[in-house]
Amino acid sequence: MSFFSPHNHHSSITRQLSFGSLEAVNMEPDKEFDALPFGVDYGRLENGLVYYVKCNPKPRQRASFALAVKVGSVLEEEDERGVAHIVEHLAFSATKKYTNHAIVKFLESIGAGFGPCQNAETSCDGTVYKLLIPIDKPELLSEAIQVLAEFSSEIRLSKDDLEKERGAVMEEYRDNRNADGRILDACWTLVMEGSKYADRLPIGLENVIKKVSPQTLKQFYQKWYHLSNMAVIAVGDFSDTKSVIELIKTNFGHKYSALEPPPIPHFKVPSHDDPRFSYFVEPEASESAVMIAYKMQADEMKTVKDYREKLVKSMFCMALNRRLFRISRRKDPPYFSCSVDSYDLVHDLKAYVMTSSCKEKGTLEALESMLIEIARIRLHGFSEREISVVRALKMSSIESTYLERDQMESSSLRHDYTEHFTNNKPIIGIEYEAQLQKSILPDILASEVSKFAEKLWTSCSCVILIVEPQAFAGIDDMKNIVMKINKLENKGSISPWDDEHIPEEIVNSMPNTGNIIEQREHANIGASELTLSNGMRVCYKCTDFFNDQVIFAGFSYGGLSELPECKYFSSSMGSTIAEEIGMFGHRPSVLIDMLAGKRVDVDIEISNYKRTFYGYCSPFYLEAAFQLVYQLFTTKVTPDDEVIKRAMQVKEEAILARERDPYTSFSNRAREINHGNSYFFRPFGINELQKVNPVKACEYFNTCFKDPSTFTVVIIGKTDPTVAVPLILKYLGGIEKPPLPILHFNSDYIKGLPYEYPKSITREVVYSPMIEVQCMVRICFPIELKNGTMEEEIHYTGFLTRLLETKLLQLLRFKHGQIYNASVSESIDGDLPCLTGDICGDIRIDFSCDPKISLKLVDLALNEIFRLREEGPSDQDVETILEVEQRAHENGLQENYYWLNQILSSYQSRIYSGDIGTSFKILDEGRTKDKTIFTMDPSRDRYEDFSSHCWFHSSGSQSEDRGFNCRELTMFKGLFGKTKPETNALTTLDKLNETLEMLEKKENVLLKKAAAEVEKAKEYAKGRNKRAAIQCLKRKKLYEQQIEQLGNFQLRVHDQMILLEGAKATTETVDALRTGAAAMKAMQKATNIDDVDKTMDEINEQTENMKQIQEALSNPIGASADFDEDELEAELEELEGAELEEQLLQPATTAPAAPVQVPAGRQQARPVPQKRTAEEDELAALQAEMAL
């Protein structure tokens, strides 16, 4: 069959052409696209496996892999509900080749990382296993494909594996049993009613998770996991695709199914004429909400006509969303937020879903407003101006995609190929798609977009759901609303949409251009630094990581920590109120249209110690971005009663929602324990809201972004200095400096937060009513970072958090299988290392679990932490963490945001003294230095330097009539604080002597027991009880084995005592060497620093000394290692000879045996010799000794 193929049109498009140079094309609507994916090596093996392989350079030396399987939860039988998801879990537990979570260890060892939903996901219709790995070593590429091959047919579904993973799956299930999970379940059941999908959510049933057998898992796996249902996807920085395809063939080509795989059935979701209603009461709901879902057949995109229809539907949603946003900003709005979007639910079914959040008891009003807007579009349509705005947005979006076509992330392309395999989503190529949109968009009219509303009738498979924390209405009220809107529409009683006037220019009057006072170049980071005439400092770095990205951030010291309690609550609401009013000089509902088609966004943050503005833009819209910054500094926010009322309503609803959350009581109590009753950390409740003065809030905000001389701005991205610098001077340099400084703070004198960490141990349980039983655990370690070693300790803290997370996951998830995930994070006070004093923070460990075993898991976690403190991490632990950090660093070097954060950190660091290049260099060298230190010295001392206390929070529950959420707050002092008293050599020698005496006593007891058994054996032998005698001899042998073992123990203790005495001498020697080294360093300070030769000689000499010490200490441990075995044997022979001689000189103590009389002429018959057992030999010897 001959189809129209877009490939012919790509030959005329070179990568150097800009989007504006693309020619519009005139295409026949019924021409079909090529069914094969464009731009990727695609094929199928003989066994049915499909593969996609593509070379893609971003990120460098990385590759993204996937095994897509068309097997999901909808294929499960009733007793298998949840099995597809459990199989996915067990894939990472054990396969034929990889056991005991070896796959996870492999991923961690190469810095790839592992986490929930990061490496696999199960849906109703499919399962996808994902890997993102470095491929700078050839063996890693091969191993990654081997892992996918194991997933395809070799997952080990043993009883032990299943039992270890049940707890993790059960915890994932429990995590979903909160308010949001229950709402989702109710919504899904309502939408899918009448189909198998309705009761086939991937998480499954609790009873199945707890009781399903390995045999059931194997049956499901063997029935559905066939290569004909799978695809391997490999996208990465490969040298070529051929070698990757060969690896796929090598690892998958020999695999064949023993039986013919059954066809994958398709389950239809029936349509319905009458709308379905649900009024869902959820006491723990975070908000009152309304959902309207319009179900319809999933789109097929086979022709140009199909593609056009897809664009029309997308434009409809965008235009409607802009209306809904404006409505949410009105006086007394029916909802605080509302939006519409399309969702692919399952095979062949999608839905256009409108959702809104509103005030409590306001859901019926919100529902009415949402339905009215759909009816308004059917009656009056969109205006041409509305569609022109949307057209500009669509054109801008495809332009950005086109410009970044060479910068696509491998994981993004992997997702596209997965969708092509599982859902038949076509891949026609970015260049061709850009041509299509550029050709089609100008011809799409408002009438065509508006017509799509004809498909959104409540009588066409519509589902309406209301969620309220309390019942204020019912389904009949919802039905009445629908009938009311239908009547209004039928009568034509709905008025047209009233468009707002949209100004054309962001800046009304152009600023006076500033000039450059000083310019510095920092070659080591490739950045330029400008000091402008208004005092603002601007650092910019040009990169080519992305063709359509410029990011920036500006900061100034002095934030909320400077405020007294009387001003705090009003001022903390300043940014919220200013955003609602319009901090850029225009109302938000107007500004979104002014920026339509411009890829630009700017936002602000007022934090504890800083005021920050930040944003991103396309290089083409850099001027618009700087105009917004200029407006931020020059706009005076004036209180508006209507806007303020809305802002206060939103805040009040958020407070009420937080109070409904069962976890709020825990978080409040935890905050109180951590920070006392400080106003700065007190929960923002209704009482605090009533203290807010909107006028004072606006006054404070107006001072925050006023004085440009206090701000430092960093700009990173695809910038041309000849274009960027004039814009910087015009808009940033044009911000007028006030006559007197405003909020001008020196970083050395910033006010700290008004609280102190707790100084005592606290253990507390917090109970909160819950609908379903859940449990959360938190363990906290307050830390104090010292001023003199701040940067180093920040690195240590980061390393420690990653180490703890890795070890706790290994312990609680992979070994005991009782949690789904554990997170460890550090929070440094105010996130501002530039404070001159010591700063506080904490390390937090969080995980959820079964409340019945929460204390057990806490003990396990704390024991592991104590073990790490005593023993330190293993070399493998250190290498794993450093590998992850190194991979993250390598990836970061290719990202604009990484460079932005690094340069900002260099400005804000304590070591910054006016030269950003030097500051950056020192911090970067510190990262390398810390890596070397951790590699060379992974001792426990590194983990005992964090001196403070620790507290533990656990939320558990015990059910009575309903579930209860129990949060336990416990503080354990000194986990990372004071170390245990050190033991000196003399104390240790005393302990060893005591141990030696104990061993000798045990040996004497065993000798007596062995002798007693010998005497018993003699007695039984005399009585001709051979069996009993042999049993006594066996027991004697066991005692002798224990005696021999105790002898070895005593030898080890003697050996340790000798070694300890030698170690003591070695330690004293090393201390002397350290003292000498310190003296040498002191003398070096007095020498000429330019005397390089002497310094190098000294370093070489110290290095040689250290090598000698290490060689001396690396000799075999123990004096016994030097004993000559031949000499010992000779000495033993001498002792045995002397013993024998002594025995021969002693008189005989036993009578000779009486001779046996034999009759004349007859000889005694000689018995036939038989092989005797060891026991019989020993019994014979005993009889001979007793002269029997």
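How many bridges join β1 to β2, and do these strands run parallel or antiparallel? In this predicted model, β1 and β2 are antiparallel strands, and the number of bridges that join them is four.

**The protein as a whole**

The protein has 1188 residues, of which 49% are buried, and its secondary structure consists of 35 helices and 24 strands. When contacts between residues at least 6 apart in sequence are considered, 83% of them join residues at least 24 apart. The accessible surface amounts to about 58600 Å², and carbon and sulfur atoms account for 51% of that surface.

**The sheet that holds β1 and β2**

The two strands of the opening question belong to an open sheet of six strands, in which the order is β1-β2-β6-β3-β5-β4 and the pairing is mixed. At its edges are β1, covering residues 41-44, and β4, covering residues 120-122, each of which pairs on one side only. On average, neighbouring strands of this sheet are turned by 10 degrees against each other, with direction ignored. A helix also belongs to this picture, for α2 lies across β4 and β5 (127-134), and its direction is at about 170 degrees to that of β4.

**Backbone features in two loops**

Most residues other than glycine have a negative phi, and most peptide bonds are trans. Against that background, the loop between β2 (50-55) and β3 (62-69), where Pro59 is found, deserves a careful look. Lys58 and Pro59 are joined by a cis peptide bond, with an omega of about -5 degrees. Gln61 lies in the loop between β2 and β3 as well, and its phi, near 55 degrees, is positive although Gln61 is a residue other than glycine.

A positive phi is also found at Asn100, which is not a glycine and has a value of about 55 degrees; this residue is located in the loop between α2 (83-91) and α3 (102-109).

| Residue | Relative accessible area | Class |
|---|---|---|
| Gln61 | 42% | partly exposed |
| Asn100 | 43% | partly exposed |

Why is Gln61 classed as partly exposed, rather than as buried or exposed? Gln61 is placed in that class because its relative accessible area is 42%, whereas buried means under 20% and exposed means over 50%. Asn100 is likewise partly exposed because its relative accessible area, at 43%, falls between those cut-offs.

Conventions:
Residues are numbered from 1 along each chain as its sequence is written. This is a predicted model: local features need pLDDT of at least 70, side-chain atom pairs count only at pLDDT 80 or more; totals for chains, interfaces and linings use all residues. Side-chain values use heavy atoms; hydrogens and water are left out. Buried means under 20% relative accessible area, exposed over 50%, partly exposed in between (1.4 Å probe, protein chains only). Contact means heavy atoms within 4.5 Å. Accessible areas come from the Shrake-Rupley method with a 1.4 Å probe; for residues, only the protein chains shown count as cover. Two strands pair if DSSP finds at least two bridges between them. Axes are lines fitted to C-alpha atoms, for helices over the stretch in contact, and angles run from 0 to 180 degrees between N-to-C directions.
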